[in-house]
Amino acid sequence: MWNISRHLQFSLLYLSLLTAITVADEKRNPGGWQGTPVFLNASNMSIATGQPSLVLMSKGSTHIPVWSLSGGTTGQSVAGVVPGFPKEYAAVKVEIVVTSNDAKTSPDFADVYRVHLAQMVEGAPFTDRYALGKPVRTSLPAGPFHSRTIVLESFYEVVPNAPLTVRIQREPGDPGDTFVRPTGLSLVKITPLGALPKPSVVEEVSGYNSWPMIQAIGEKLVCTYSRGTAHQIHEAGRSVYARTSTDGGKTWTAETVVADTPGFGEVTVGKGLDSNGTMLLWVRRIKNDWKEWNHDLYRTTDGVTFTLVATPELAVQPMQITDVFPVPEVGLMALWFAGNYSKDAVHSWGKMISTDNGATWTQTTIESGLVKTDWPTEPAAVYLGNGRIFAVGRTESGGQSQFQMISSDHGATWKRERTNISDISASTPSLILDPETGLLSNYYYERGRGILRRRVVDPEAVFNNPLSWPGSEAVAVGSPVALDSGNANAAVIGDAHYISFYSGKAPDTAVLVSRIAAPGQMSNASPPAGIR
């Protein structure tokens, strides 16, 4: 155990170093730019709640001070304070380094942590800017004395020059924390982040512009969306529109009408390309009395004129049919989900297959009789090769994580599991697979926080290890009004990703598009000239 006077000496020395923080070492990240991190080691933190222990974790001649956090006792946390950051910074990222000396440490177990953040702003209670991070679940490493770096928060917006309080808590009461032994918290890393690039506006005319889909036809972007008066999918007069861009989303052509059936509410729900590279668009069409429900498939070569291709008659009426993607030896495929969002075991999901380039479709149910907590909704999927399909689904249960669904036989059979992607709230995923690097990008919008996030991974690393997704990065911000923003949908042209979403406050919301550098590419964002 640390001697308390030595603890104070180290803390004072450390804080004096923090006050001399510089911003000379900025580096770029996919969304914007980041500054020099600051750190809290174990001796710089104190007990906040419960009775965690400050101990030395030792092996041979190596001794590391850590906070021992129980795997059985809930409510243990430690906290520290770092000085405020200059006005050039907009947010911070928080990571922790943890380890274990227990012989049973292995990837068969997982643990869960979360961060509590607040700022001490002059003239306001220090509770005003309190934010509770989502539980973050990760698998343990291969054995004892291995360390892990875990991202607990990728974008907490900060007020300039206000001290930041950071509290780290383990959550052994979370069902995802299956390791009953203590773990050691050795370090907290706080990285200041610059402001994120602003998205471009596709449509902001008065009304509830929402639920966009974006697709590239060659070098042209096509953004489709729906507009009504409120967050209602069946209101009469809710119609579907389209705009196109040939300059990477900087400017957009005039709005054209895709679908405006009288007496129906129409919403874009899925997009993709057919075997000829022509855009396909699924539009859900619901009569305003809910008595008629259809999914119409449109085709367009230019993003301006859309032709109705099919309205399949289906045994199970989906809530949505999602994005179309090609599967060799099978044809075109799209996933669907159906249910009423109740607690009853009435929910299902499955696949749609077309072998004639979208003219006709065959529906197959993959899982049925699901309760809402086991129901993957609004799934996105990509074909990885060698018969393997990789999909991610949204969850409709608060406090849980996204689903991962995989198939190794061209979609004949599937396996569904939970991931460790928990910084979500009614967050629709959208996937892009880079054919050159093999990297997979998962975009999603955290509602209630107003953050568009991305996770990048080699799909081989998570195909059979869904708890191994790396931490997220924020790439854009929008409205924090929970249901009046969200629904990310992604497209790619060259080395740039384009993500559409909507943002605002009812009754008026806008359709936006963010341009994000593909993984491995440099962001266009730079730190201000005065702090380079």
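On a 1 Å grid over the protein atoms alone, a cavity is a set of points where a 1.4 Å probe fits but cannot get out, and a pocket is an open set with protein on both sides within 12 Å along at least five of seven lines; a lining residue has an atom within 4 Å of a point. Grid points are joined across faces, edges and corners, and the volume is the space filled by probe spheres set on the points.

Good morning, colleagues. The structure before you is a predicted model, in which local features need a pLDDT of at least 70 and side-chain atom pairs count only at pLDDT 80 or more, while totals for chains, interfaces and linings use all residues. Residues are numbered from 1 along each chain as its sequence is written, and side-chain values use heavy atoms, with hydrogens and water left out.

I begin with confidence. The pLDDT, which is the predictor's confidence in each residue from 0 to 100, averages 92 over the protein, and 92% of the residues score at least 70. Residues 1-28 have a pLDDT below 50, and this stretch makes 47 contacts in the model beyond near neighbours in sequence, a contact being heavy atoms within 4.5 Å. Where pLDDT is low, the predicted coordinates should not be read in detail.

The structure holds 1 cavity of 30 Å³ or more, and the largest cavity has a volume of about 110 Å³. Its lining comprises 14 residues, with V136, V151, L152, E153 and D423 nearest the centre. By class, this lining has 4 nonpolar, 4 polar and 6 charged residues; here Ala, Val, Leu, Ile, Met, Phe, Trp, Tyr, Cys and Pro count as nonpolar, Asp, Glu, Lys and Arg as charged, and the others, Gly among them, as polar. Strand 12 (147-157) and strand 34 (451-457) each supply at least two residues of the lining. Helices (H or I, at least four residues) and strands (E, at least two) are DSSP runs, numbered from the N terminus. Strand 12 gives the most to the lining of the cavity, with 4 residues.

Strand 34 leads us to its partner. Strand 33 and strand 34 pair in the antiparallel sense over 7 bridges, where pairing requires that DSSP find at least two bridges between two strands. In that pairing, S441 stands opposite V456 of strand 34. The hairpin of these strands has 4 residues between them, and G448 takes a positive phi near 85°. On the other pairing, strand 32 (residues 430-433) and strand 33 are antiparallel over 4 bridges, with N442 of strand 33 as the bridge partner of L431. Strand 32 and strand 33 also form a hairpin, with 6 residues between them, and G438 in the turn has a positive phi of about 75°.

Why is strand 33 described as largely enclosed by the rest of the structure? The reason is that 7 of the 7 residues of strand 33 (residues 440-446) are buried, that is, under 20% relative accessible area, with exposed meaning over 50% and partly exposed in between (1.4 Å probe, protein chains only). L440, N442, Y444 and E446 point one way from the strand, S441, Y443 and Y445 point the other way, and all are buried.

I turn to the open spaces. The largest pocket has a volume of about 670 Å³. It is lined by 23 residues, and Q215, V324, P326, L431 and V492 lie nearest its centre. Strand 16 (208-217), strand 20 (264-273), strand 24 (320-327), strand 28 (377-385), strand 32 and strand 36 (486-493) each give two or more residues to this lining. The lining divides into 17 nonpolar, 4 polar and 2 charged residues.

Q215 is found in strand 16 and counts as buried, at 10% relative accessibility. Leaving aside neighbours within four places in sequence, Q215 has contacts that include K271, M279 and A491.

The second largest pocket has a volume of about 470 Å³. Of its 28 lining residues, W211, Q320, E378, R394 and N487 lie nearest the centre. That lining divides into 13 nonpolar, 9 polar and 6 charged residues.

Finally, the backbone. Most residues other than glycine have a negative phi, and most peptide bonds are trans. W211, in strand 16, has a positive phi near 50° and is buried at 9% relative accessibility. F145 has a positive phi of about 70°; this residue lies in the loop between strand 11 (136-139) and strand 12 and is partly exposed, with a relative accessible area of 35%. The peptide bond from A506 to P507 is cis, with omega near 15°, and P507 is found in the loop between strand 37 (496-505) and strand 38 (508-517).
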